[in-house]
Amino acid sequence: MNSMQRHRLLLLLALLTVAACGPPPAPRTPRARDFRTLSETRGLELIDEALADAGVQATADFSVDIGGGRVIQVDRRLNAGNFGIEWISPQDREDFGDALPGPAPGGQLRIAPGAGDQANVQILLLEHDTYRYDPDRQRVEGGAPSIREAESRVHRDIRDFVEYVRGQGGL
């Protein structure tokens with residue numbers, strides 16, 4: 001092996017060593033299928049916690065006419081009044097489809113009115129898909145939404161709705 005070949009071999013080894021010591025690969029960018037949503041059970045627990053924090057009494061299940069001969073069992077009724085909260089699960093979305101409006105653009109709260117004799121009822125619709133999180137810790141550290149962030153959004157949305165209801169004289 002002459003000196004030129006030796007020089008090339010050393011250069012190749014040096015390049016391989018530098019390449020092997022490079023930065024770690026960047027965390028994967030999350031795809032839609034990587035995200036999860038809060039379960040209905042967890043969503044209802046969070047609703048109950050937020051209502052308790054706000055000092056609001058709530059009862060489970062009350063029937064509301066939403067029009068077109070459709071009636072929904074609303075998950076929580078505030079102070080036995082005309083305001084309720086419904087966690088829209090995948091099954092609810094399948095059962096009611098377009099009878100319940102979808103999520104509002106920009107993360108705004110969606111409030112659906114009752115129909116007929118219950119036209120004065122207002123129901124906060126919390127779409128499960130709005131509260132998505134990434135279960136991968138590395139991606140969360142890289143900025144993807146965590147389960148804590150999703151749960152905090154539920155609390156914030158309930159707090160905002162309670163303030164709205166108070167402003168309407170409903171509490």
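## Exercises on aromatic rings and a helix crossing

The structure holds 4 aromatic pairs, and the model in which they are found is a predicted one.

**Exercise 1.** Classify the pair formed by the rings of Phe83 and Phe161, and state which parts of the chain the pair ties together.

*Solution.* A pair of aromatic rings is described by the distance of the centres and the angle of the planes. For Phe83 and Phe161, the centres of the rings are 6.4 Å apart and the planes stand at 65°. Planes over 60 degrees apart count as edge-to-face, and therefore this pair is edge-to-face.

**Exercise 2.** Decide how the rings of Phe161 and Tyr164 are arranged, and then say whether Phe83, Phe161 and Tyr164 are each buried or partly exposed.

*Solution.* The ring centres of Phe161 and Tyr164 lie 6.2 Å apart, with their planes at 25°. Because planes under 30 degrees apart count as stacked, the pair of Phe161 and Tyr164 is stacked. Both residues lie in helix H5, where they are 3 residues apart, about one turn of the helix. Turning to accessibility, the cut-off for buried is under 20% relative accessible area, so Phe83, at 8%, counts as buried, and Phe161, at 0%, is buried as well. Tyr164, with 31% relative accessibility, counts as partly exposed. Taken together, ring pairs link Phe83, Phe161 and Tyr164 into a cluster.

**Exercise 3.** Find which ring lies under the charged end of Arg77, and which lies under that of Arg132.

*Solution.* The charged end of Arg77 sits over the ring of Phe62, at 4.4 Å from the ring centre. For Arg132, the ring is that of Phe35, whose centre is 4.5 Å from the charged end.

**Exercise 4.** Describe how helix H2 (residues 40-53) crosses H5, and name residues that make the contact.

*Solution.* The axes of H2 and H5 come within 9 Å and cross at roughly 45°, which makes H2 oblique to H5. The crossing in which H2 passes H5 is right-handed. On the H2 side, the contact is made by residues including Arg42, Leu46, Ile47 and Ala50, and on the H5 side those in contact include Glu151, Val154, His155 and Ile158.

Terms used. Residues numbered from 1 in each chain as written. Predicted model: local features only at pLDDT ≥ 70, side-chain atom pairs only at ≥ 80, totals over all residues. Heavy atoms only, no water. Phe/Tyr/Trp six-rings, centres within 6.5 Å; stacked < 30°, edge-to-face > 60°. Helix = DSSP H or I, 4+ residues; strand = E, 2+ residues; numbered from the N terminus. Buried < 20%, exposed > 50% of the residue type's maximum accessible area, 1.4 Å probe, protein only. Lys NZ or Arg CZ within 6 Å of the ring centre and 35° of its normal. Axes fitted to C-alpha atoms, helices over the stretch in contact; angles between N-to-C directions. Parallel < 35°, antiparallel > 145°, perpendicular 65-115°, else oblique. Left-handed = near helix turned anticlockwise from the far one by under 90°. Contact = heavy atoms within 4.5 Å.
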